[in-house]
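Here is a short briefing on one protein model and its ligand. Keep the structure open as you read.

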Amino acid sequence: MSPNIYSTIFCCIVSFTFAQSLPLQNIGARQVIPLNGSWNIIIDPYETGYYNYRYEPSGDGYFKNKKPITKHDLIEYDFETSGTLNVPGDWNTQRNELFLYEGTVWYKRSFDYTLEAGKRLFVHFGAANYHAIVYLNGEKLGEHIGGFTPFQFEITDKVQQKGNFLIVKVDNKRYREAVPTVNTDWWNYGGLTRDVYLAEVPDTHIGDYTIQLERGSKDRISGWVQLSNETVIKNVAVTIPRAKIHLTGRTDAKGRFFFSGKGNIVRWQPEKPELYDVIITAGSDTVHDRIGFRTIETRGTDILLNGTSIFLRGISIHEESPTHGGRAYSSVDARITLQRAKELGCNFVRLAHYPHNEQMVRMADSMGLLVWSEVPVYWTITWENQATLANALNQMTEMITRDKNRASIILWSVANETPLSEPRLRFLTSLVSHVKSMDSTRLVTAALERHYIDETTQIINDPLGNYLDVLGCNEYIGWYEDLPEKTSRVSWKVEYNKPLIISEFGADALYGFHGDTLTRWTEEYQEYLYKQQIAMLKTISPLRGVSPWILTDFRSPRRPLPKIQDFYNRKGLISNNGEKKKAYWILKQFYEETQMKWGEKEKIAK
Ligand code: GCB
């Protein structure tokens with residue numbers, strides 16, 4: 001990834017997201033004051049605080065929040081008495097009346113702030129689903145679209161010492177042209193779902209940086225640092241004490257410092273997720289990070305981690321909290337979820353179907369799990385709509401910008417189960433080239449569909465496969481398609497000489513519901529399906545990984561069946577209450593065998 005590209009993308013992105021700048025790299029390591037906790041809220045289903053009775057944006061809605069000057073003023077809202085919601089957190093699981101709500105909620109939070117001279121202040125949102133409009137002291141700061149990536153606004157010249165009030169309109173209505181579109185199989189949790197921070201940084205500060213192990217190298221790292229001000233020249237140092245790396249230089253006319261150097265590096269891998277303290281200094285600004293170094297590439301149908309062929313023993317995961325239900329956002333949630341994946345024998349997780357919170361990928365770094373990360377280009381996107389494409393590109397940019405220093409992430413995925421067409425191919429190939437222009441060090445994939453060429457032979461020949469490094473494929477033989485025994489009658493053909501990951505298979509089972517192997521919704525049916533699927537998977541020669549659907553039962557409005565689904569997709573190997581179903585043990589056993597077969601332990605790269 002080069003800062004040139006970064007600046008180009010940055011310019012076109014701001015024009016449609018209205019956010020002022022791409023968020024600071026590594027927000028957790030900055031001087032921040034969290035604005036988490038209780039926020040006053042107004043539930044506004046008709047958006048009265050935004051539109052007048054002619055349905056025109058009225059310009060002086062709730063965000064003005066002026067105190068009545070006289071008792072005659074007509075003020076029809078009151079933040080102080082309308083209730084509160086906790087931030088971070090979705091609104092659906094905090095209040096019964098918001099469980100199925102899709103619309104606008106206004107959030108308000110007051111704060112005082114004394115900003116040191118020579119410093120700049122940003123308000124940073126980890127994510128708001130889906131459309132956020134942000135005001136400070138009655139003045140609009142900007143807007144952001146997309147429910148799973150961070151955004152920020154500078155408030156240096158706007159912040160007052162006393163009595164600031166931030167107001168955020170968060171709207172999670174679904175739109176056909178949006179990303180994702182109206183139809184998904186997960187809960188549309190609304191709200192300020194991730195941390196909100198005030199971040200104070202020096203006038204000229206480190207805006208972004210990337211550090212990677214060079215392709216094909218065991219010990220040479222390279223990367224760049226990008227200052228916030230292009231015109232100011234600063235001395236920059238990149239230090240990795242334990243690797244004995246200390247690289248210094250001055251920024252160029254575009255505020256960039258490129259570096260490259262050798263050191264004593266033990267490469268990151270799941271069995272030994274080595275992370276290094278990295279210290280970046282530019283003038284008076286310093287940022288600390290913990291970064292792992294590894295290479296990832298493909299050769300024919302192999303995926304090579306640090307030059308060694310690996311098999312991805314994975315599981316798919318939605319961002320739902322194992323502790324409180326609803327959207328997960330904390331490192332406690334991340335640890336529990338990823339620990340479950342580890343116990344299952346995984347070395348890989350598919351973080352479906354949108355960018356998960358930063359805690360999650362940082363936890364994957366430190367626990368040693370390889371990651372597939374994706375944007376919500378899901379099912380039936382409006383392929384011919386340019387604004388939809390711009391939106392998808394922007395979500396991709398924000399995801400890669402935030403996570404490009406995470407060793408755990410090896411795969412960026414551009415789409416999930418999208419139906420073949422020319423417009424769709426154009427849309428997705430634009431996304432693929434965008435990813436490659438931003439990050440040439442990782443692999444690009446997508447969860448494709450397969451097609452039958454005769455009754456029992458299926459083929460993966462989606463033309464998008466030409467553009468991907470690794471093929472993903474979802475299939476539900478034995479659940480949506482016939483019964484589990486069908487798996488023993490089908491064969492697979494793959495058109496491309498590339499590694500294949502079966503990125504989904506599965507069956508629903510209600511924990512504790514028992515019957516024979518042909519009774520739907522029972523643990524026995526799911527267990528039998530896993531046995532059958534695994535036997536079939538073993539016959540697919542380019543198979544280099546699997547991420548069955550899914551680790552834990554998750555909420556979905558598409559799943560209403562009373563007493564069985566109750567608005568949960570029950571394909572979890574673990575129930576939403578944490579109980580392991582029978583199929584869990586089948587997959588665990590397969591992973592133990594695979595680990596032995598692949599001999600990863602013997603191949604720990606030196
Ligand atoms: C799929 C989707 C996933 C669904 C799953 C299911 O193919 O990719 O989002 O939840 O099937 O359970 O139907």
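**Aromatic rings, charges and a ligand**

Ring pairs join Phe-148, Trp-186, Tyr-354, Tyr-378 and Trp-379 into a cluster. Rings of Phe, Tyr and Trp (its six-membered ring) pair if their centres lie within 6.5 Å. The structure holds 25 aromatic pairs.

This is a predicted model: local features need pLDDT of at least 70, side-chain atom pairs count only at pLDDT 80 or more, and totals for chains, interfaces and linings use all residues. Residues are numbered from 1 along each chain as its sequence is written, and side-chain values use heavy atoms, with hydrogens and water left out.

**One ring pair up close**

- The ring centres of Phe-99 and Trp-187 are 4.8 Å apart and the planes are at 35 degrees, so this pair is tilted. Planes under 30 degrees apart count as stacked, over 60 as edge-to-face and the rest as tilted.
- This pair links distant parts of the chain, 88 residues apart. Phe-99 is in the loop between strand E3 (84-87) and strand E4 (104-111). Trp-187 is in the loop between strand E9 (164-171) and strand E10 (196-202). Strands (E, at least two residues) are DSSP runs, numbered from the N terminus.
- Phe-99 is partly exposed, at 27% relative accessible area, whereas Trp-187 is buried at 3%. Buried means under 20%, exposed over 50%, and partly exposed in between (1.4 Å probe, protein chains only).

**Charges**

- Arg-242 lies over the face of Tyr-276, 4.4 Å from the ring centre.
- The charged end of Arg-520 sits over the ring of Trp-479, at 4.6 Å from its centre. The rule: NZ of Lys or CZ of Arg is within 6 Å of the ring centre and within 35 degrees of the ring normal.
- Lys-108 belongs to strand E4. Lys-108 is buried, at 6% relative accessibility.

**The ligand**

- Which residues come nearest to the ligand? Of the 14 around it, they are Asp-185, Tyr-378, Glu-417, Tyr-480 and Lys-571. A residue is near if one of its heavy atoms lies within 4 Å.
- A side-chain N or O atom of Lys-571 is 2.6 Å from a ligand oxygen. For Glu-504, a polar side-chain atom lies 2.7 Å from an oxygen atom of the ligand.

How values were computed:
Helix = DSSP H or I, 4+ residues; strand = E, 2+ residues; numbered from the N terminus. Polar contact = N/O pair within 3.5 Å; in protein donor to acceptor, adjacent residues only side chain to side chain.
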